[in-house]
Amino acid sequence: MSEEQNENTAAVPVPCQDTQGDGRWMSLHNRFVSDSKDKEPEVLFVGDSLVQLMHHFGIWRKLFSPLHSLNFGIGGDATQHVLWRLSNGELDNICPKVVVLWVGTNNHCHTAEQICEGIMAIIQVIKKKLPKAHTLVLGLLPRGKDPNPLRVKNDKVNKLVRLAVTSVPHASLLDIDPGFVHSNGTISHQDMYDYLHLTSQGYEAVCRILHDHLRSLLDKSSEN
């Protein structure tokens, strides 16, 4: 097998393929680059649809807008897409104290080890461009109504990333699963309406955990 075939595509920056033909992904990326020139966020959220959709719920305005947060989430993004975006301008004009990274559940064709490597590659880009920022990786949530291989993989990704970030200054993983899997192994549509994306109730539970942790990180940052 050639070296190229051995390459982990989860850790190689590439723009998202414009399969629908309307250029939305690149348009959003360009908008984020432009938006960053006029903002001074303390917290930057970056990732896939779970980040993007958070912005549309009241909990964002209630908990995260007061923290001067920017949302750079794009639905469908995998690690390689976020890696490309952050390497191509989205971090160049801002100096947030905390970067919240939530990505990996869309890396369907990659192993847990490859996804972890992709997440760690993103962290290295953040460290290079924002050396003083803390990178807070959010643990991947369970998915699917019933037990399935993607739940197992996401759980393994979290374990691998938690171990990997211990050797990286100013980086950590936060488990934000409030207990979405019930004792019988199912996830309720009241928490995840399609068993992947969160409802208002689901975001409420997740964001409370996240908000408390962010406040703690920001308080520590102010002390230093």
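How much of the chain over residues 45–205 is helix, and how much is strand? Over that stretch the chain is 39% helix and 14% strand, with the end C-alpha atoms 18 Å apart. Helices here are DSSP runs of H or I with at least four residues, strands are runs of E with at least two, and both are numbered from the N terminus.

Some ground rules before we go in. This is a predicted model, where local features need pLDDT of at least 70 and side-chain atom pairs count only at pLDDT 80 or more, while totals for chains, interfaces and linings use all residues. Residues are numbered from 1 along each chain as its sequence is written, and side-chain values use heavy atoms, leaving out hydrogens and water.

Now find Phe45. Phe45 and Trp60 make an edge-to-face aromatic pair, 4.9 Å centre to centre with 65 degrees between the planes. (Rings of Phe, Tyr and Trp, using the six-membered ring of Trp, pair if their centres lie within 6.5 Å; planes under 30 degrees apart are stacked, over 60 edge-to-face, and the rest tilted.) Phe45 sits in strand β1 (residues 43–47) and Trp60 in helix α4 (residues 58–64), so this pair ties together parts that are 15 residues apart in sequence. Phe45 also pairs with Phe64, this time tilted, at 5.1 Å centre to centre and 55 degrees between the planes. Since Phe64 is in helix α4 and Phe45 in strand β1, the pair ties together parts 19 residues apart in sequence. Ring pairs link Phe45, Trp60 and Phe64 into a cluster.

Of its 67 residues, Phe45, Phe64, Trp102 and Leu214 touch the most other members. Helix α6 (residues 112–129) supplies the largest share, ten residues. Leaving aside residues up to four places away in sequence, Phe64 touches several residues, including Met54, Ile59, Cys207 and Leu214; a contact is heavy atoms within 4.5 Å.

Technical notes: A nonpolar core is a set of buried Ala, Val, Leu, Ile, Met, Phe, Trp, Tyr and Cys residues joined through side-chain atoms within 4.5 Å. Buried means under 20% relative accessible area, exposed over 50%, partly exposed in between (1.4 Å probe, protein chains only).
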